[in-house]
Amino acid sequence: VEVIPGVVATQHSGEGKANQYFLRGFNLDHGSDFAVSVDGVPINMRSHGHGQGYLDLNSFIPEVIERVDYRKGPYFPSNGDFSVAASARYSTYDTFERNFIEAKIGENDYYRLVGGYSTALNDTNDLLIAGEYQSYDGPWDLPMGLEKLSGLAKLTGQKGDMRYQVSLTGYDNSWNSSDQIPLREVQNGNLSRFGFIDDDLGGETSRYSLSSLLSWDHASGATTELSAYAVAYDFTLWGNFTLFLEDPVNGDEIQQTDERTYYGGRILHSLPITDQLDLTFGGETRFDDVSEVGLFNSVDRMPVNTVRRDSLEEFSAAVWGQADYQFTPDLRGSLGLRGDYVSGDVTAITLPINSGEADDTLLSPSAALAWRATDQIELYANYGEGFHTNDVRGATIQIDPATGNPADTVPLFAKAKGAELGARFETGDLKTTIALFHLELDSELIFVGDAGTTEVNDATVRNGVEATAFWRPNEWFVGDLALSVTDGKLDIPGPDTKIPNSIETVLSGGALFRFDPLTLSARLRHFGESPLIEDGSVYSDPTTVVNLGATYDWNDITLGLEVLNAFDADDNDITYFFESQLMTEANPVEDIHFKPVEPRQIRFSVRYNF
């Protein structure tokens, strides 16, 4: 995801759990305001056992991704749930330019085998198959023991003006995790930076999907696209955030589960009305059948108490339209409108009073204007409204399952609106953009899977600037740079208005040198400090990591070298501030809890192309 300028993806709980995402001053948690689809299949999970919008991209093989189309902000009516900060549509290859098999080995027992094969079945049909196996222990004192399998089979073809594809994916993963650890234990010498306290943490997950896509051109110049998908998903995660705060004997280990199938489809139709006016409209629907979503107290990965266990059904439908008008050769504009309907039916197995139904509707308008000021400069302005949904269990809850106290319900929609002013500059070898943006979210309401209840956060306001540059002065060099600076605040009176974990500055850049048959690359990844508590008294430290790479082509073989964290930065991937209690402590302690970036590592690869 970090090919998208300004996006940071970090990890604090093993490489089988969804990443933490940060963009434009948002702590997107595991995906609450960052919507992603792959070949038309939405990946974000509603009403998930760990967190709303849960976005796990570990199942996808990087080598099969051909392109990513991304958009930032709630300015596009075709984007719906979870797309307030950004959205990304990933597309896989239909065929490989060259088939390949690659083996990679690295420090800390890193082993990876990946391969891809495509072939023409006949004049109009192609078949692509790809697979990946990976195992990894990492630098952690508790070996991660990652065992990951991923696969893709994709059939594409054309009949007349109609193009079609059918994709089948499979994924299975298990891992251990050290999770974030309290800083005080490292400072007093009881833990190394790569240590752990609870050795039961980690997870298991699987995902299988079947999807299809049809598209065709009409004689009138219109185009139509239809897609459908079905996904089977299973997830179990063991965590322990507060250590021995709640249970000084057995510890605060929890088990979170989610087992579901979800189905859906989408239609998109665009047509030219006149030489100046184009219309695009579409619709989508999705149904999540969640057979079990639960939270349990556990010991040694065995449940000992059920905090909350539910089954639920969630349905959504949306329609949208957009009109694009070319006022003059240099001035164009668009107007859009989206309508969403969401309904849910919760069956609370452990606490029936929390059962119930909820539904709601929402209209989201948008508008845009772009002016080609010169041959090299374009100025633009966007306005849009959007949303993310809240966990449907939060809309029907009556009693807090952890405390037994009355609980407040939350709406199904958390509304947002945003505006942006920007400029694009392009010459033959340089492309740059700069944008000033403003984003408001009425209420960052989330269902807290760790507690089985809802947490009502305040409204927020974010203002920022983002700049990107892409430079290719010749055939052997490509460089890129992206900088984002955001000022985010809770929209409340008083001094305590900092948004915890809202990263203020993100800087990324890279350089690629091609001296056939040798290719060299370098990438910089920096994210700045962020407040860890509302009063701003505690901040995280900045993190800067540089990765280096080199490949050498020799006939049909490519040799590769990677140096990750080349300067061995002693920084953190994630930092939190909360109360925890060790077995040896009599009272809870507010402290920084962190997960360090992995130290410098070297990996070698050999690829055979055929």
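Trainee: Which strands each supply at least two residues of the nonpolar patch?
Mentor: This is a predicted model. The nonpolar surface patch is made by Trp476, Phe515, Leu518, Leu520, Tyr552, Trp554, Leu559 and Val606. Two strands each give at least two of its residues: E29 (518-527) and E30 (543-554).

Trainee: What is the area of that nonpolar surface patch?
Mentor: Its members include Phe515, Tyr552 and Val606. Together the patch residues make a surface of about 740 Å².

Trainee: Is Trp476 buried, partly exposed or exposed?
Mentor: Trp476 sits in the loop between E26 and E27. Buried means under 20% relative accessible area, and exposed means over 50%. Trp476 has 40% relative accessibility, so it counts as partly exposed.

Trainee: Which residue is the bridge partner of Arg462 in E27?
Mentor: E26 (residues 460-471) also pairs with E23 (residues 430-441), in the antiparallel sense over 12 bridges. There, Arg462 in E26 stands opposite Leu439. In E27, the partner of Arg462 is Gly488.

Trainee: Which residues touch the most other members of the largest nonpolar core?
Mentor: This core holds 22 residues. Strands E2 (20-23), E4 (34-38), E7 (86-92) and E23 each give two or more of them. The residues touching the most other members are Phe34 and Val36.

Trainee: Which residues is Val36 in contact with, leaving aside its neighbours within four places in sequence?
Mentor: Contact here means heavy atoms within 4.5 Å. With the sequence neighbours set aside, the list for Val36 is Val41, Pro42, Ile43, Asn44, Leu55, Leu57, Ala88 and Tyr90.

Trainee: How many residues does the second, separate core have?
Mentor: Trp140, Trp175, Tyr233 and Leu237 are among its members. The size of this second core is 17 residues.

Trainee: Which are the edge strands of the open sheet of 4 strands?
Mentor: The order in this sheet is E5-E4-E7-E6, with mixed pairing. An edge strand pairs on one side only. The edges are E5 (41-42) and E6 (65-72).

Trainee: Which residue in E7 stands opposite Arg67?
Mentor: E6 and E7 run antiparallel and are joined by 7 bridges. Across from Arg67, the residue in E7 is Ser91.

Trainee: Which residue in E3 is the bridge partner of Leu23?
Mentor: E2 and E3 pair in the antiparallel sense over 2 bridges. The partner of Leu23 in E3 is Phe26.

Trainee: How many residues apart are Glu2 and Arg525?
Mentor: Side chains of opposite charge can pair when their charged atoms come close. Glu2 and Arg525 form a salt bridge, with the closest N and O atoms 2.7 Å apart. Glu2 is in the segment before E1 and Arg525 is in E29, a sequence separation of 523 residues.

Trainee: Are Arg184 and Glu585 buried or exposed?
Mentor: Arg184 forms a salt bridge with Glu585, with closest N and O atoms 2.8 Å apart. Arg184 is in helix H1 (residues 183-187), and Glu585 is in the loop between E32 (572-580) and E33 (589-596). Both residues are buried.

Trainee: Which strands hold Arg338 and Glu284?
Mentor: Their side chains meet in a salt bridge of 2.8 Å, N to O. Arg338 is buried at 2% relative accessible area, while Glu284 is partly exposed at 27%. The pair ties together parts 54 residues apart in sequence, because Arg338 lies in E19 (residues 331-348) and Glu284 in E17 (residues 277-299).

Trainee: Which residues are linked in a network of salt bridges?
Mentor: The whole structure has 33 salt bridges. The network links Arg24, Lys72, Glu420 and Glu466.

Note on methods
Residues are numbered from 1 along each chain as its sequence is written. This is a predicted model: local features need pLDDT of at least 70, side-chain atom pairs count only at pLDDT 80 or more; totals for chains, interfaces and linings use all residues. Side-chain values use heavy atoms; hydrogens and water are left out. Two strands pair if DSSP finds at least two bridges between them. Patches are made of residues with over 30% relative accessible area and no salt bridge: like charges are joined within 9 Å, nonpolar side chains (Val, Leu, Ile, Met, Phe, Trp, Tyr) within 5 Å. Accessible areas come from the Shrake-Rupley method with a 1.4 Å probe; for residues, only the protein chains shown count as cover. A salt bridge is a side-chain nitrogen of Lys or Arg within 4 Å of a carboxyl oxygen of Asp or Glu. Buried means under 20% relative accessible area, exposed over 50%, partly exposed in between (1.4 Å probe, protein chains only). A nonpolar core is a set of buried Ala, Val, Leu, Ile, Met, Phe, Trp, Tyr and Cys residues joined through side-chain atoms within 4.5 Å.
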